[in-house]
Amino acid sequence: MRENEFIVYKEFGDETLLYDMAWLMTNYNDEYYNQEDKRSLLFDSMHRLLEIAGNHGFYGNLWHCYLANLLVNNENSYSMACEIKGEVQGTINQVALNDIVIFKEFFDYDFTAMMKALDTDVFSLVLSYDSSERESKVYNARICKRICDLAVRLAKSHSPEEMKSTLTEFYKEYGVGKFGLHKSFRVVRDEDGVHIVPILNIAHVHLDDLVGYEMAKKKLIDNTEAFVGGRKANNCLLFGDAGTGKSSSIKAIANEYYGKGLRIIEVYKHQFQDLHDVIAQVKNRNYKFIIYMDDLSFEEFEIEYKYLKAVIEGGLEKKPENVLIYATSNRRHLIKETFADKEGRRDQLHASDTVQEKLSLVYRFGVTIFFCSPDKKEFQEIVRTLAKRHKIEMPEEELLLEANRWELSHGGLSGRTAQQFVDYLLGKAM
């Protein structure tokens, strides 16, 4: 096997399994090596394939799934050029094809002779693996199925060129690496630096699920569509009353435009000092990234907003075209203001400067969208729509009466309160 001849597809992370299997393929029949050592390495490789299957949710031919997983996660000059855009021009295609030829040899390898020489046919179990559970600690079911399906398609390729074309099509449709496979991410800092880590279970909220707020949603959609379409777009602040769907709208945007290359990275206030590191990791990718800040507000003594101001606009380095910042807040001006700020107390020589400093952050959001609490009539319409969607059988008069009683003791008139009331009814029905 020619595992040492890879040019573009290198640095697979934990690649010991690939190289151990390549060694077995080459040396399983070599009498120079101890038979039991070779058998032991085969069983150990089988164990690692099963562990990978358990962690990733793979099924079918686990060897092929393992190889496909290496290919879809390898961020190199070829795969990153193809993500979202598809086939690229130039010599890189011939270089990538060299590596795909080697991968095809791995895909086409027949283990029959090896199992016979090592006097065991148990390895055949991982070549046709029926998983009892399709749960994954690494991927959700949607991503796992994509990789398993890709493994089947790659194995059926008649030539390296066909295999390369299939893989390139996958890169164009889904991307490569963690940004290609996942919708949403969080930021984690450890001793090795700042990492962008996938969130495996994002809420499956869709724009149609959000009842009402049509003007607010349209403003958000228009800005986001301009962004994913490569046109000029603005940083966006969603502000207003609690429970009105601000955060849900952004989650719905992430689900709606994932297929067009949109990804969302959640950043908390205490991580603002890491924003430059986060942006540096995504600025050269072919995706569009929304840096999402939920429930954003600052007390007078908090200075983290200064990091955010510099990132949004004002630092020497220009913010990349593929990055926008979306934030939600219950406060219109984000930073707590006092009557002293408004009155210009004499203990401050330049009171107006203090006010402008506190307002300057919100002014850097080009689009601001107000989400207000519904009135009684709008609240009842939300309840009717949600009840109908969930097939709740209850006379309308009784439904609305119960909803009014519920909101009086559960947070008042809001979309969230309406959803909680409907969830309560669904729970009672069970």
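Buried means under 20% relative accessible area, exposed means over 50%, and partly exposed is whatever falls in between (1.4 Å probe, protein chains only). The model here is a predicted one, so local features need pLDDT of at least 70, side-chain atom pairs count only at pLDDT 80 or more, and totals for chains, interfaces and linings use all residues. Residues are numbered from 1 along each chain as its sequence is written, and side-chain values use heavy atoms, with hydrogens and water left out.

On that scale Glu 256 comes out as partly exposed, at a relative accessible area of 43%. Glu 256 sits in helix H11, which covers residues 246-256; helices here are DSSP runs of H or I with at least four residues, strands are E runs with at least two, and both are numbered from the N terminus. Together with Asp 208, Asp 209 and Glu 225, Glu 256 makes up a surface patch of negative charge. A patch takes residues with over 30% relative accessible area and no salt bridge, joining like charges within 9 Å and nonpolar side chains (Val, Leu, Ile, Met, Phe, Trp, Tyr) within 5 Å. For the charges, Lys and Arg count as positive and Asp and Glu as negative, while His and the chain ends are not counted. Each charge is placed at NZ of Lys, CZ of Arg, CG of Asp or CD of Glu. The accessible areas themselves come from the Shrake-Rupley method with a 1.4 Å probe, and for residues only the protein chains shown count as cover.

Strand S5 (residues 288-293) tells another story: six of its six residues are buried, so the strand is largely enclosed by the rest of the structure. In a regular strand the side chains alternate between the two faces of the sheet. In S5, Lys 288, Ile 290 and Tyr 292 point one way, Phe 289, Ile 291 and Met 293 point the other way, and all are buried. S5 pairs with strand S4 (residues 262-266) in the parallel sense, over five bridges; pairing requires DSSP to find at least two bridges between the strands. Within this pairing, Ile 265 has Ile 291 of S5 as its bridge partner.

Next come the salt bridges, each defined as a side-chain nitrogen of Lys or Arg within 4 Å of a carboxyl oxygen of Asp or Glu. By this rule the model has 20 salt bridges. One of them joins the side chains of Lys 104 and Asp 108, with an N to O distance of 3.0 Å. Both residues belong to helix H5 (residues 92-108) and are four residues apart, about one turn of the helix. Lys 104 is buried at 9% relative accessible area, whereas Asp 108 is partly exposed at 43%. A salt bridge also forms between Glu 321 and Lys 232, at 3.8 Å from N to O. This pair links distant parts of the chain, 89 residues apart: Glu 321 is in the loop between helix H13 (305-312) and strand S6 (323-329), and Lys 232 is in the loop between helix H10 (214-228) and strand S3 (236-240). Glu 321 is partly exposed at 48%, while Lys 232 is exposed at 69%.

In helix H17 (residues 396-409), Arg 405 and Glu 402 are three residues apart, so about one helical turn separates them. Their closest N and O atoms are 3.2 Å apart in a salt bridge, and Glu 402 is partly exposed at 28% relative accessibility. Arg 2, Glu 5 and Glu 105, in turn, are linked in a network of salt bridges.

Glu 11 is not a glycine, yet has a positive phi of about 55°. Glu 11 lies in the segment before helix H1 (16-27) and is exposed, at 73% relative accessibility. Asp 119 likewise has a positive phi, near 55°, in a residue other than glycine. Asp 119 belongs to the loop between helix H6 (112-117) and helix H7 (141-155), and is exposed at 64%.

Finally, some contacts across the sequence. His 195, in strand S2 (residues 193-198), is partly exposed at 28%. Asp 44, in helix H2 (residues 35-56), is partly exposed at 34%. Asp 44 and Leu 17 are 27 residues apart in sequence and 9.2 Å apart in space, C-alpha to C-alpha.
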